[in-house]
Amino acid sequence: MSATHEVPAFSAIAAPGIRARDVPLFKRPFDILAATAILLAIAPLLALIALTIKLGSRGPVFFRQERVGRNGSPFTMWKFRSMYVDAEARLAGLQGASERDGVCFKMRNDPRVTPIGRLLRRSSFDELPQLFNVMLGDMSLVGPRPALPREVAQYSAHDRNRLAALPGITGLWQVSGRADISFEEMIRLDLAYIRDCSLLTDLRLLLATVSAVATARGAY
């Protein structure tokens, strides 16, 4: 797990233009019903992935990491492990190789990723355990992706406006190109989603996610 960084509450860092707002009323019941249905449908797949990871490399099946949620509140996010167990320790030596502008580290041929992990990332199956984060209320099915504390520590006041919403498994920038989208464009798309959040928008983005996952555009 990454080192803990102190993140100010959203109300103390929000910039003009976006106000901290309540979670839309449709979010929680829709998330619970949809996440439950998905988990029941993919239970055999989850078991198969867990077995494959365990046989593929040394280490646990799941990877947990502190992320920054709504209003700057930290939470533990779950993923299927896609990297070798010493990945965090090797990150500092790779920072200069990031292929994405801004504060988010992205590297297309990251040597820390296991062979099985590359397949999981291309398919986005490594994100499936976040359905449990949705059930716990830490995340929503749709929303801005949860950032690392070290990333949020570098945010401008404008960037921190994306913390107004529950973080999501998928969202507007994920279906628009994922890692191929610049940091500035990601912020713009996240804020656009927060302004126009609705049940219809979430349904459309979930359907678009199926296409984005199938093409694997920007997934690495």
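A residue is taken as buried when its relative accessible area is under 20%, as exposed when over 50%, and as partly exposed in between (1.4 Å probe, protein chains only). By this criterion Tyr-155 is buried, at 4% relative accessibility. The structure is a predicted model, in which local features need pLDDT of at least 70 and side-chain atom pairs count only at pLDDT 80 or more, whereas totals for chains, interfaces and linings use all residues. Residues are numbered from 1 along each chain as its sequence is written, and side-chain values use heavy atoms, with hydrogens and water left out.

Aromatic pairs were assigned to rings of Phe, Tyr and Trp (its six-membered ring) with centres within 6.5 Å, planes under 30 degrees apart counting as stacked, over 60 as edge-to-face and the rest as tilted; the structure holds 3 such pairs. Phe-62 and Phe-80 form a stacked pair, with 5.4 Å from centre to centre and 15° between the planes. This pair links distant parts of the chain, with Phe-62 in strand E1 (residues 62-68) and Phe-80, 18 residues apart from it, in strand E2 (residues 74-80); helices (H or I, at least four residues) and strands (E, at least two) are DSSP runs numbered from the N terminus. Phe-62 is partly exposed at 38% relative accessibility, while Phe-80 is buried at 2%. Ring pairs also link Phe-62, Trp-78 and Phe-80 into a cluster.

The rings of Tyr-155 and Phe-183 have centres 5.8 Å apart and planes at 45°, and the pair is therefore tilted. Because Tyr-155 lies in the loop between helix H6 (149-152) and strand E4 (168-170), and Phe-183 in helix H7 (residues 183-195), the pair ties together parts that are 28 residues apart in sequence. Phe-183 is buried, with a relative accessible area of 5%.

A nonpolar core is a set of buried Ala, Val, Leu, Ile, Met, Phe, Trp, Tyr and Cys residues joined through side-chain atoms within 4.5 Å. The largest such core has 39 residues, and those with the most contacts inside it are Phe-80, Leu-131 and Leu-141. At least two residues of this core come from each of H2, E2, helix H5 (130-136), strand E3 (140-142) and H7, and H2 supplies the largest share, 9 residues. With contact defined as heavy atoms within 4.5 Å, the partners of Leu-141 beyond four places in sequence include Phe-30, Ala-34, Leu-131, Ile-169 and Leu-206.

In helix H4 (residues 115-123), the buried residues include Gly-117, Leu-120, Arg-121 and Ser-123, and what covers the buried residues of H4 includes helix H2 (27-56), E2 and helix H8 (199-215). H4 is followed by Ser-124, whose phi is positive, near 70°.
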